[in-house]
Amino acid sequence: MSIILTRRISQIFFFLLFLWFSIVTTLGEAWWQLRGWPVNWLLELDPLVGLGTLLATGTLYAGLLWGLLTILLTIVLGRFFCGWVCPFGALHQAVGWLGNRKRNTSQKIKANRYRRGQTIKYVILIFLLGAAVGELIARLLRVATSQSTVDAIIAIVLLLCGIGAVWVNRKSWQQWISGLLAVIIGWVILGLFTDGSRLLAASLQTGLLDPIPLFFRSVNLTLLPLVDGRTITLSQGTRLYPGTVTIGLFFWTAVLLNLIIPRFYCRFICPLGALFGILGKNALYRVGQKAEGCTACGACERYCEGACEPSSTIRTSECVLCMNCIDDCRHAVMGYHAYPSAAGETAAPDITKREFAAALVSGLAAVPLARMAGNTGENWNPAVIRPPGSLPEAQFLKRCIKCGQCMRVCPTNVIHPAGLQSGLEGIWTPVLNFRMGSSGCQRGCIACGNLCPTAAIRPISLAERLGKDTFADQGPIRIGMAFVDRSRCLPWAMDRPCIVCQENCPVSPKAIFTREEYRPVRLEGTLHLSGMQDNRLLFDGPTLPAQQFATGDYYVTIDDSHPRLPVRIIDIGPNGISLADNPFVETARTGARITVLVRLQLPFVDPASCIGCGVCEHECPVKGHRAIRVTAENESREPRHRLVL
């Protein structure tokens with residue numbers, strides 16, 4: 001079996017595996033639903049996910065250790081992940097092949113030539129890692145001003161190494177050691193003026209462009225909802241996600257650009273490919289030429305997926321191991337071996353020191369600049385409601401990779417990608433929208449936290465979610481609290497009976513309680529008593545519509561009668577009102593005024609009981625701007641947002 005056929009089988013396998021994982025990320029016990037399938041395995045194999053969370057938080061979620069395997073194989077084999085495993089790369093390669101079909105050989109070679117713009121992906125990678133490493137640098141600044149003896153010894157040793165660089169004959173060593181010395185001196189001086197707590201912060205933004213989270217997000221939110229219910233029903237109802245237009249446009253733009261330049265995204269944008277380019281630039285095994293036999297025919301560059309120039313000095317950091325050059329070489333000059341290419345190699349990425357420094361400094365500065373709006377501080381947006389188990393906002397933004405897995409698995413479709421309501425950092429992170437979906441956030445559901453690949457939504461047990469057993473003292477997890485908008489509530493503002501929110505509140509005892517109040521009903525005229533027949537009052541005045549006043553929520557009183565407590569209406573006929581009882585028989589006089597009252601059950605929210613599940617908001621009959629709305633106030637994850645002790 002040829003190496004090209006083997007590579008294609010591998011790509012097809014991992015592409016279908018990716019689609020399968022996307023499909024089975026559905027709650028249920030069927031064989032095609034989530035019942036032990038390792039749906040996050042491809043995300044865990046992505047070393048950029050693990051590296052980003054490690055830099056941003058200083059910790060590594062256990063499942064992300066799979067990324068170490070990918071790193072080790074890359075160091076040995078080169079960028080095998082890009083050419084053999086990555087499902088997004090396989091899609092790009094297939095679309096690029098379609099775009100190349102009608103081109104002649106010279107056009108294919110021209111389309112596959114190396115471009116200086118391919119360094120952009122390295123700039124993007126450095127920028128994203130710079131945004132994640134800010135807090136780590138702040139810790140180092142605090143170490144610089146500590147009085148620890150160990151720190152002083154380390155500083156002295158490094159200083160001696162810098163001084164010793166003067167006597168080193170090799171210029172490259174002198175430059176590196178002198179540069180290290182300059183960094184140490186600058187680090188110590190800067191540490192004297194600031195501990196970095198205000199100048200530096202960390203935010204994990206790799207998921208915006210990392211191909212594996214990007215592909216999961218695009219398929220989960222834009223493709224699967226379109227085909228759901230055709231051959232297999234994945235959800236109870238139609239799944240909708242606000243903001244998917246932007247996600248879809250970005251995805252399809254990245255895919256269709258392959259018709260112009262093959263693997264456009266992989267060559268120019270992909271930060272994961274840039275990381276693999278750095279790790280695999282001096283791989284043990286690599287593609288290259290033998291010492292003799294090359295005729296410079298250019299056949300090896302017709303289908304080169306990485307634009308790594310295999311016909312001349314090969315750029316090993318750009319080679320994605322597509323093996324097309326080996327298959328196309330008619331003279332068996334190209335090969336995959338453990339020695340350098342005879343035509344020469346360019347191992348280092350084509351990026352200058354200035355570009356590196358500019359990208360790193362820009363990444364470090366971007367996060368504190370973005371947070372000057374106070375979105376993670378006093379100016380936090382209460383409309384940003386995170387799923388149950390979410391970490392505090394600053395820690396959440398250091399872990400979330402925007403993969404959309406929590407949105408895909410949510411059984412009620414209330415977790416959605418955020419827009420700008422959570423700031424630039426929070427774009428496409430999960431927020432709850434209770435107006436959409438089939439219900440609110442169900443109390444018995446803990447799926448999102450147990451599926452999150454980076455523990456931005458930490459895995460919680462049902463007992464912790466409900467505040468039972470060992471968690472009884474801390475109570476149930478609250479994701480927010482409901483507030484009644486009296487200007488829109490039917491009983492409060494419009495004298496219309498409604499207790500939908502109280503009836504649907506799933507908390508026991510109810511977090512929404514009511515207080516009764518009787519209010520006079522506006523009529524077109526005045527009703528006067530003309531007689532009685534048992535429990536039926538006869539009246540003179542405007543006709544009353546039976547379908548409105550015979551619902552059990554309407555009552556009557558008669559002026560100058562005793563008792564004056566309202567009596568419930570059970571039926572209305574022509575010029576007559578049937579009552580549940582008639583206490584007016586002995587005291588009411590003919591001609592007395594009859595007042596129709598509506599009994600209103602005015603809703604109130606108990607902040608000590610409300611968990612912010614949003615069922616009340618979802619079921620509210622005021623379908624526009626809901627009359628009862630949940631905000632993030634009183635959420636458990638941020639103690640400073642609490643309203644009750």
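What percentage of the 645 residues in the chain is buried? In this predicted model, buried residues make up 50% of the chain. The secondary structure comprises 24 helices and 15 strands. The chain exposes about 30,300 Å², of which carbon and sulfur atoms supply 61%. Of the contacts in the chain with a separation of 6 or more, 75% are accounted for by residues 24 or more positions apart.

The largest nonpolar core contains 74 residues. Within this core, the residues with the most contacts are Leu42, Phe81, Phe88, Ile212, Leu272 and Val287. Helix α8, spanning residues 120-144, gives the most to this core, with 8 residues. Another core lies apart from it and has 67 residues, including Ile457, Phe539, Ala592 and Val598. When neighbours within four places in sequence are left aside, leucine 42 is in contact with Phe14, Phe18, Phe21, Pro87, Ile212 and Phe216.

Two of these partners of leucine 42, Pro87 and Ile212, also take part in the packing of helix α6 against helix α11. Two packed helices are described by the angle between their axes and the distance between the axes. The axes of α6 (residues 87-100) and α11 (residues 211-227) come within 8 Å and cross at roughly 75 degrees. Because angles of 65 to 115 degrees count as roughly perpendicular, α6 and α11 are therefore roughly perpendicular to each other. In this contact, Pro87, Phe88 and Leu91 of α6 meet Pro211, Ile212, Leu214 and Phe215 of α11. The residues of the contact divide into 7 nonpolar, no polar and no charged.

Helix α11 also contains leucine 221, which is buried, with a relative accessible area of 3%. Leaving aside neighbours within four places in sequence, leucine 221 is in contact with Tyr241, Thr244, Ile247, Met407 and Pro417. Leucine 221 and histidine 416 are separated by 195 residues in sequence, whereas their C-alpha atoms are 8.9 Å apart in space.

Helix α14 (residues 271-279) has 7 of its 9 residues buried, so it is largely enclosed by the rest of the structure. Its buried residues are Pro271, Leu272, Gly273, Ala274, Leu275, Phe276 and Gly277. One of these, Phe276, is in contact with threonine 70. Threonine 70 lies in helix α4, which covers residues 66-77. With a relative accessibility of 2%, threonine 70 counts as buried, because the cut-off for a buried residue is under 20%.

Most residues other than glycine have a negative phi, and most peptide bonds are trans. The peptide bond from serine 508 to proline 509 is cis, with omega near -5 degrees. Proline 509 is placed in the loop between α22 (500-504) and β8 (512-520). Methionine 323 has a positive phi, near 65 degrees, and is found in the loop between β2 (314-315) and α15 (324-328). Its relative accessible area is 5%, so methionine 323 is buried. Tryptophan 428 has a positive phi near 70 degrees. The loop between β5 (415-417) and β6 (430-432) contains tryptophan 428, which counts as buried at 11% relative accessibility.

Technical notes. Residues are numbered from 1 along each chain as its sequence is written. This is a predicted model: local features need pLDDT of at least 70, side-chain atom pairs count only at pLDDT 80 or more; totals for chains, interfaces and linings use all residues. Side-chain values use heavy atoms; hydrogens and water are left out. Axes are lines fitted to C-alpha atoms, for helices over the stretch in contact, and angles run from 0 to 180 degrees between N-to-C directions. Helices (H or I, at least four residues) and strands (E, at least two) are DSSP runs, numbered from the N terminus. Angles under 35 degrees count as roughly parallel, over 145 as roughly antiparallel, 65 to 115 as roughly perpendicular and the rest as oblique. Contact means heavy atoms within 4.5 Å. Ala, Val, Leu, Ile, Met, Phe, Trp, Tyr, Cys and Pro count as nonpolar, Asp, Glu, Lys and Arg as charged, and the others, Gly among them, as polar. Buried means under 20% relative accessible area, exposed over 50%, partly exposed in between (1.4 Å probe, protein chains only). Accessible areas come from the Shrake-Rupley method with a 1.4 Å probe; for residues, only the protein chains shown count as cover. A nonpolar core is a set of buried Ala, Val, Leu, Ile, Met, Phe, Trp, Tyr and Cys residues joined through side-chain atoms within 4.5 Å.
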